[in-house]
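Colleague: I would like to learn how to read domains, sheets and helix packing from a model. Could you take me through them?

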Number of protein chains: 2
Amino acid sequence: MIYAGIDLGGTTIKAALVTENGEILCKKSIPTGAERNNRAIIEDMASLVKELVEDQGFTFDDVHSVGIGCPGAINPVDGIVYFSANFADFRNVAVVPIMKELLPVPVYIENDANVAGLGEAMFGAGEGHKNCITITIGTGLGGGIIIDGKIFSGAFFGGGEMGHQVIVADGLQCNCGRKGCWECYSSATGMIRMGKKWAVQNPSSTLNDAEGGRLSLLNAKDIFDCANAGDEAAKGAIQEYAHYMALGLGNTINVFQPEYIILGGGPSAQKDKLLDPIMKELADNVYGGSTRTKVVIAKLGNDAGVIGAAMLGKIS
Amino acid sequence: MIYAGIDLGGTTIKAALVTENGEILCKKSIPTGAERNNRAIIEDMASLVKELVEDQGFTFDDVHSVGIGCPGAINPVDGIVYFSANFADFRNVAVVPIMKELLPVPVYIENDANVAGLGEAMFGAGEGHKNCITITIGTGLGGGIIIDGKIFSGAFFGGGEMGHQVIVADGLQCNCGRKGCWECYSSATGMIRMGKKWAVQNPSSTLNDAEGGRLSLLNAKDIFDCANAGDEAAKGAIQEYAHYMALGLGNTINVFQPEYIILGGGPSAQKDKLLDPIMKELADNVYGGSTRTKVVIAKLGNDAGVIGAAMLGKIS
């Protein structure tokens, strides 16, 4: 049997056929057209899966199930998207029931951060381990919690918001309304904010020369590039970033004690340049300076979403 | 069938026979003698259960299982206490295997905070709900996490340390080695620290008259008593306490989204006097000012331990 996975994003719909071992047989992307009505987007998802199945010479008898990863607040039991800010018309939409009308196989849906976590846990950096938490470093800080091989999202499917834990009481204002959330400090956005601060405080830092001297365009990669070239202010920014990241990781270990914490998202491409300073800080944040939880870099990159989505049918 | 539960503490061994509906049929306590060797303590636990069974006219054919709640680091699968600071000789002790030699029924063991959480979730404030987190306010801040009716303690049984999450980066020094743990602010010890601070800053506060004017003896009940009598400094201390408690509760809701969070321990005897200020603060710490998670006061008091311990066999 093969498994179809869909990564539904605000910009692109990605779909793939995946083996039961997590190997991608084929994949295809189309623009989402997020401004359209929800029916048009759902029909496009179904068509994309049909195309892939036919292109590869399969029939739907070969397809175990279709899984969808979607941003927003989702009820995976009823297959409903309560709300997703990434699309114009996704409010209380019965995505799974509609997809089931269009395709002759079981259909599953889950939050996109959760399916990316599932993909990494099953076939990425956590392969072979049933208790993994993926932290995705992006504009925000996403969490995908896998306990005993299943997605954990609380009693009402809205849990797992790892980034929205206060680690700095009365700290920076977060978009969620709280102050001092982990996301404010440990997202890529948080790293960039720290980079800009260190640049301003250190006028001779090469951080000020990145992006043609336009500090407003500074990105996370710039900060690593400057640090790798020896810039002390950039190193200071990364050190500060690592300090706060380790606070949240230490909290996660003390509460969840997973086998693996997997760091994904753009800055994870820096691999040990990201991980090493975090691990140094983390030693101060776990009992006795060590823990059985391993902190590692994600492996699947952008494919984590389609692979994890495809596996929703397998774990159900 | 009846269930035997043991609450093994540093001072007292409590045991009870409990129905499958969580009702205590009888209970008995003896001094622990924590300075003795582990075998003597384990034999006392077995004898206590035998006494209760015989006193009530039962035989061990009527007993489904024996469950033990024990402080410290425990491996419930192998039935081993890795370490417990409350006893002189509890390091890598095979408590369950030894108990099984002494009693003709299945024996289970779990961390005491976890079994208290199980008791409250099954037959206390969370009755009928399978996803509950109990926060016990004492010298420290304990957590008992129940997911899907089972105790959750991470991949290596050492998770669930809710109190050892940093909520104030670089804050107060915690006994665990970290700085700014939730426990430092929201334990009874944390409340007393705040009460003393408000007393010193407000020399005319009645907080300074409690305990015969010996501020070093101030306890949590004194602070509530002063606040209930109208003392503004005491009210300020409780307000400050509620602020930090709500930060940790908000974190817990965003990550776990349980059905119930149950507040236990000494200060929970204050009921609404404790809960009301916390709920006011909590409104600022959850999306949109409301959440489906209910925050309530524990119901079982000191019996949560024996009832939860007794139920270990039922949920296994």
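Modeller: We will go through domains, sheets, helix pairs and the chain contact in turn. Keep in mind that this is a predicted model.

Colleague: Start with the domains. Where does chain A divide?

Modeller: Domain 1 of chain A covers 2-122 + 303-315, and domain 2 covers 127-298. Their centres, taken over C-alpha atoms, are 28 Å apart.

Colleague: How many residues of each domain are in contact?

Modeller: On the domain 1 side of chain A there are 16, and they meet 21 residues of domain 2. Three elements of chain A each supply at least two residues to the domain 1 side: strand S5 (73-75), strand S8 (107-111) and helix H3 (112-123). H3(A) gives the most, with 8 residues. By class, this side of domain 1 of chain A has 10 nonpolar, 4 polar and 2 charged residues.

Colleague: In which sense do S1 and S4 of chain A pair?

Modeller: Strand S1 (residues 2-8) and strand S4 (residues 63-70) of chain A are parallel, and 6 bridges join them. Ile6(A) has Ile68(A) in S4(A) as its bridge partner.

Colleague: And what is the pairing in the sheet of 3 strands in chain A?

Modeller: Antiparallel, in an open sheet with the order S5-S6-S7 in chain A. S5 and strand S7 (91-93) of chain A are its edge strands. S5(A) runs antiparallel to strand S6 (residues 80-83) of chain A, with 3 bridges between them.

Colleague: On to helices. What describes a packed pair?

Modeller: Two packed helices are described by the angle between their axes and the distance between the axes. Take helix H5 (residues 188-201) and helix H7 (residues 232-256) of chain A: their axes come within 9 Å and cross at roughly 140°. That angle makes H5(A) oblique to H7(A). The crossing of this pair, H5(A) and H7(A), is right-handed.

Colleague: Which residues of H5(A) and H7(A) meet?

Modeller: From H5(A), the residues are Gly190(A), Met191(A), Met194(A), Gly195(A), Trp198(A) and Ala199(A). H7(A) brings Ala233(A), Ala234(A), Gly236(A), Ala237(A), Glu240(A) and Tyr241(A). The contact of H5(A) with H7(A) has 8 nonpolar, 3 polar and 1 charged residues.

Colleague: Give me a case in chain B. At what angle do H7 and H8 of chain B cross?

Modeller: Roughly 55°, for helix H7 (residues 232-256) and helix H8 (residues 272-282) of chain B, with axes that come within 8 Å. H7(B) and H8(B) are therefore oblique to each other. H7(B) passes H8(B) in a right-handed crossing. On the H8(B) side, the contact is made by Pro277(B), Ile278(B), Glu281(B) and Leu282(B). Among the H7(B) residues are Ile238(B), Ala242(B), Met245(B) and Leu249(B).

Colleague: Last, the two chains. How many residues of chain B are in contact with chain A?

Modeller: The count for chain B is 31, in contact with 31 residues of chain A. Then read the classes: the chain B side has 14 nonpolar, 13 polar and 4 charged residues.

Note on methods:
Residues numbered from 1 in each chain as written. Chains lettered and ligands numbered in written order. Predicted model: local features only at pLDDT ≥ 70, side-chain atom pairs only at ≥ 80, totals over all residues. Domains from an automatic or database assignment. Contact = placed C-beta atoms within 7 Å. Helix = DSSP H or I, 4+ residues; strand = E, 2+ residues; numbered from the N terminus. Nonpolar A, V, L, I, M, F, W, Y, C, P; charged D, E, K, R; others polar. Axes fitted to C-alpha atoms, helices over the stretch in contact; angles between N-to-C directions. Parallel < 35°, antiparallel > 145°, perpendicular 65-115°, else oblique. Left-handed = near helix turned anticlockwise from the far one by under 90°. Pairing = 2+ DSSP bridges.
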